[in-house]
Amino acid sequence: MLCHDALHRVDDPVALLHRLTIVSGGGPVMLSTPEQAASDPERPLGPPSDPHHRREWTLDQLELLLLSCGLDVERTWRVAASAPASWAQRVANRAPGLPIPGVTRDTLVVLAAHRAVAPSE
């Protein structure tokens, strides 16, 4: 399941992540979202300077959000807006079948998997 350029635009990112876990049917989830510290270094804790963004995260914050929604982070990438198109192919090689759109801002890309739940005895 791919969620590109959406998580930072919704009012309730937790609800979106829960829906992604359901729709993906237990498969991997790949997310991309602007990196707060890189895209707006003067305001690392403040609201995003882009009025269309509800929230942006640092990598640590995004990992905590995913963990709180039952997703374990398997791999992360930081992609600069100036990255060549070939970065997308390298990411796609590690996540076959997931289309990777272009990047226009410094971006976090995260591949996460559903947390395995131990059977209850």
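1. The buried residues of helix 1 pack against strand 1 (2–4), strand 2, helix 3 (59–68), strand 3 (71–79) and strand 4 (107–114). Please keep in mind throughout that this is a predicted model.

2. Within helix 1, which spans residues 13–23, the buried positions are Pro13, Leu17, Leu20 and Thr21. They lie on the same side of helix 1 because the arc they cover around the axis is only 100 degrees. As a general rule, an α-helix has 3.6 residues a turn, so residues three or four places apart point the same way.

3. On the face of helix 1 turned away from this buried side, the exposed residues are Arg19, Ile22 and Val23. Just after helix 1 comes Gly25, whose phi is positive, at about 60 degrees.

4. Strand 2, which runs over residues 29–34, includes Ser32, and this serine is buried, with a relative accessible area of 7%. The side chain of Ser32 makes a polar contact of 2.6 Å with the side chain of His4. Leaving aside residues up to four places away in sequence, Ser32 touches Cys3, His4, Asp5, Ala6, Thr107, Leu108 and Val109.

5. Turning to the cysteines, Cys3 is buried at a relative accessible area of 5%, and Cys69 also counts as buried, at 7% relative accessibility. How many disulfides does the model contain? With a cut-off of 2.5 Å between cysteine sulfur atoms, the count comes to zero.

Definitions and conventions. Residues are numbered from 1 along each chain as its sequence is written. This is a predicted model: local features need pLDDT of at least 70, side-chain atom pairs count only at pLDDT 80 or more; totals for chains, interfaces and linings use all residues. Side-chain values use heavy atoms; hydrogens and water are left out. Buried means under 20% relative accessible area, exposed over 50%, partly exposed in between (1.4 Å probe, protein chains only). Helices (H or I, at least four residues) and strands (E, at least two) are DSSP runs, numbered from the N terminus. A polar contact is a pair of N or O atoms within 3.5 Å; within protein, one must be able to donate a hydrogen and the other to accept it, and residues adjacent in sequence count only if both atoms are side-chain atoms. Contact means heavy atoms within 4.5 Å. The arc is that of the directions from the helix axis to the C-beta atoms.
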